[in-house]
Amino acid sequence: MQIKDDFLSGQVLLIDKPLTWTSFQAVNKLRWEIRHAFDIKKIKVGHAGTLDPLATGLLVICTGKMTKQINIFQGQEKEYTGTFTLGGTTPSFDLETEVNETFPTAHITDELIHATTQQFIGQINQFPPVFSAIKKDGKRLYEFARAGEEVEIKSRQVEITEFEITQINALELHFRVVCSKGTYIRSLANDFGKALNSGAHLSSLRRTRIGDFKVENALTPEAFIESLPSKD
């Protein structure tokens, strides 16, 4: 069992973030539970890479002195799995917003789908979604988007080292991607749809790895909380 000094001196916690939770909520929940379990007045807790509320999977959470390593962990290679849905786009590039435009899909073959992945392997320029937490002029991009304000977004260079379609179920494509820090899988979904002369959006996402940290070694928040000493 972990003790109070373990968390203060620094722990790396691997958490499997549930659907709809924000990364901020996960950090706050674990911080409160650690403080409550050990009667700690103040402890540093932070995460190494945000996951959107509609994504699940690996969240690396650091406590105490290990929070100094967050930037190192954030910069490591990441792996994701999930699904793209063809034939429609959304303003957020995922299911946060509803489909606002539909496109033909009759011309899309399995061969075309697999061949198109090759266009995205290597260093690519990518535009982040307007519904993202990137700051511009002191505001988050999603604040502009939700207010209906147009804003110019600059592309950024990212690297995708592996991109494969693992299963095709009609218009639902299952994928696996290995990529650099700063890659938006939502943007990849949108760009992939365009490359197919159609449209696409991200319909599910799971982060499976950050560097050497793997989601199969992660605990749900509930399981982590149960591992802490009881106050009863």
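Is Asn-190 buried or exposed, and what is its relative accessible area? The legends below take up this question along with others, and they describe a predicted model.

**Figure 1. The protein as a whole.** In this predicted model, the protein has 7 helices and 13 strands, and buried residues make up 46% of its 232 residues. When contacts between residues at least 6 apart in sequence are considered, 71% of them join residues at least 24 apart. The protein exposes about 12,200 Å², of which carbon and sulfur atoms supply 49%.

Figure 2. Asn-190 is found in helix H6, and it is buried because its relative accessible area is 8%, where the cut-off for a buried residue is under 20%. If residues up to four places away in sequence are not counted, Asn-190 touches Thr-89, Phe-93 and Ala-200.

Figure 3. Of the 11 residues of H6, 8 are buried, so the helix is largely enclosed by the rest of the structure. The buried residues of H6 are Ile-185, Arg-186, Ser-187, Leu-188, Ala-189, Asn-190, Phe-192 and Gly-193. As background for reading this view, an α-helix has 3.6 residues a turn, so residues three or four places apart point the same way. Just after H6, Asn-197 takes a positive phi of about 55°.

**Figure 4. The largest nonpolar core.** This core has 25 residues, and the members that touch the most other members are Phe-84, Phe-163, Phe-175, Ile-185 and Phe-192. Two or more residues are given to this core by each of strand S4 (78–86), strand S10 (156–169), strand S11 (172–179), helix H6 (185–195) and strand S12 (200–210). Apart from this core lies another one, of 16 residues, which include Val-27, Ile-34, Ile-40 and Ile-43.

**Figure 5. Contacts of Ile-185.** Which residues does Ile-185 contact, leaving aside its neighbours within four places in sequence? They are Tyr-80, Phe-84, Phe-175, Val-177, Cys-179, Leu-202 and Leu-205. Ile-185 is itself one of the buried residues in H6.

Figure 6. Leu-19, Leu-54 and Leu-95 make a nonpolar surface patch of about 270 Å². Leu-54 has its place in the loop between strand S2 (45–47) and strand S3 (55–63), and it counts as partly exposed because its relative accessibility is 38%, a value to be read against the limits of under 20% for buried and over 50% for exposed.

How values were computed:
Residues are numbered from 1 along each chain as its sequence is written. This is a predicted model: local features need pLDDT of at least 70, side-chain atom pairs count only at pLDDT 80 or more; totals for chains, interfaces and linings use all residues. Side-chain values use heavy atoms; hydrogens and water are left out. Helices (H or I, at least four residues) and strands (E, at least two) are DSSP runs, numbered from the N terminus. Buried means under 20% relative accessible area, exposed over 50%, partly exposed in between (1.4 Å probe, protein chains only). Contact means heavy atoms within 4.5 Å. Accessible areas come from the Shrake-Rupley method with a 1.4 Å probe; for residues, only the protein chains shown count as cover. A nonpolar core is a set of buried Ala, Val, Leu, Ile, Met, Phe, Trp, Tyr and Cys residues joined through side-chain atoms within 4.5 Å. Patches are made of residues with over 30% relative accessible area and no salt bridge: like charges are joined within 9 Å, nonpolar side chains (Val, Leu, Ile, Met, Phe, Trp, Tyr) within 5 Å. A salt bridge is a side-chain nitrogen of Lys or Arg within 4 Å of a carboxyl oxygen of Asp or Glu.
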